[in-house]
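This note is intended for a colleague who is meeting this structure for the first time. Please read it with the sequence and the model in view.

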Amino acid sequence: MEKSISIIGAGTIGSAVAIALNKKFQVIATRRNKEKIKDLESIGIKITSNNIEAVNSSDIILFSLKPIDTAEEIKRMSKELEGKIIISLAAALPIQVIKKFSPKSFVVRAMTNIAARVGGGFTVYSFQKDFPQDKKKIVLEILSSFGEIEEVEEKYMDALTAVSGSGPAYILTIIEAMMYAGLKVGLPRDLALKASYETVLGSAKLVSESGDHPSILKELVITPSGVTIDAIYELEDSGIRTAFMRAIESATNKSKLITESIIEKLK
Ligand SMILES: NC(=O)c1ccc[n+]([C@@H]2O[C@H](COP(=O)([O-])OP(=O)(O)OC[C@H]3O[C@@H](n4cnc5c(N)ncnc54)[C@H](OP(=O)(O)O)[C@@H]3O)[C@@H](O)[C@H]2O)c1
């Protein structure tokens with residue numbers, strides 16, 4: 001029989017991972033307003049508003065609620081969660097807080113991104129201390145359904161939330177900006193959009209498959225007195241790199257602040 005996974009809080013990210021998991025696993029998804037996830041039901045996912053029923057139906061429970069709601073639901077269902085694997089996708093919610101509320105479950109903290117919807121996510125994860133070896137395989141199988149995965153030390157989670165968890169929003173802004181630039185120089189809309197996203201996709205593939213540093217690959221495009229250097233001059237003049245550093249530092253700090261406020265609220 002297929003392994004069953006219950007997803008608590010099938011909103012934006014929960015629905016994305018439900019669709020990815022549905023290909024390999026039996027999936028149960030919850031949401032208070034279950035009318036909003038009728039589309040999941042139509043592809044064979046069982047939907048319910050009863051979290052306890054969902055927890056009782058699987059040994060693996062994936063939480064995709066807002067951080068504070070994740071902590072509160074885990075606290076409320078602590079008894080039902082005993083002996084189960086909890087995969088928390090909540091930003092800024094430390095393993096130690098989850099363990100405090102559910103000491104007898106096995107906890108994995110993961111940070112994925114919205115590209116999981118098309119199997120192109122990047123998911124980083126940390127296991128609680130002493131996570132049973134024999135339970136790791138199924139966790140990796142689950143997280144791999146979202147795309148690429150990498151185990152990391154939990155201390156990097158705030159920074160990774162800012163780089164790859166929120167990252168699609170930055171890259172989509174770049175795609176949109178490139179598309180508008182294409183319109184400005186006279187391209188038809190569809191062509192401007194396709195030229196922009198295919199370029200992002202291809203550049204990422206180039207870095208990933210060559211293993212070369214982006215600065216080396218960039219040199220292959222920037223020829224002396226050529227076209228690209230004029231564009232690079234404008235981008236550098238706009239402070240694009242420092243803008244990214246400030247943005248990601250600010251998002252990292254926000255993640256840390258959310259952790260502090262969760263701990264304060266749950267005292
Ligand atoms: N969005 C992203 O790109 C992204 C990326 C990485 C990580 N995350 C993390 O994923 C988590 C969810 O984010 P999101 O953007 O998917 O938020 P979201 O769209 O608001 O999803 C949360 C869902 O939880 C449901 N919910 C609230 N309380 C519930 C309860 N007691 N029982 C069952 N369902 C409940 C809500 O629907 P109802 O009101 O109908 O119940 C809502 O649809 C957050 O912790 C975030 O940090 C998000």
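Predicted model: local features only at pLDDT ≥ 70, side-chain atom pairs only at ≥ 80, totals over all residues.

1. The domain assignment of the protein gives two parts: domain 1 covers 4-157, and domain 2 covers 167-257. Between the C-alpha centres of domain 1 and domain 2 the distance is 32 Å.

2. Where does the ligand sit? The second largest pocket holds the ligand. Helix H1 (12-22) and helix H4 (67-76) are the elements that give two or more residues to the shell around the ligand.

3. Around the ligand there are 19 residues, of which Thr12, Ile13, Arg31, Arg32 and Leu65 come nearest. Sorted by class, this shell consists of 8 polar, 7 nonpolar and 4 charged residues.

4. From an oxygen atom of the ligand, a backbone N or O atom of Ile13 is 2.8 Å away. The side chain of Arg31 places an N or O atom 2.8 Å from an oxygen atom of the ligand. For Asn51, a side-chain N or O atom lies 2.9 Å from a nitrogen atom of the ligand.

5. On its own, the ligand has 880 Å² of accessible area, and the protein covers 79% of it.

How values were computed: Residues numbered from 1 in each chain as written. Heavy atoms only, no water. Near = heavy atom within 4 Å. Polar contact = N/O pair within 3.5 Å; in protein donor to acceptor, adjacent residues only side chain to side chain. Areas by Shrake-Rupley, 256 points an atom, 1.4 Å probe, with all protein chains shown as cover. 1 Å grid on protein atoms, 1.4 Å probe; cavity = no way out; pocket = protein on both sides within 12 Å on 5 of 7 lines; lining within 4 Å. Sits in = over half its atoms within 2 Å of the grid points. Helix = DSSP H or I, 4+ residues; strand = E, 2+ residues; numbered from the N terminus. Nonpolar A, V, L, I, M, F, W, Y, C, P; charged D, E, K, R; others polar. Domains from an automatic or database assignment.
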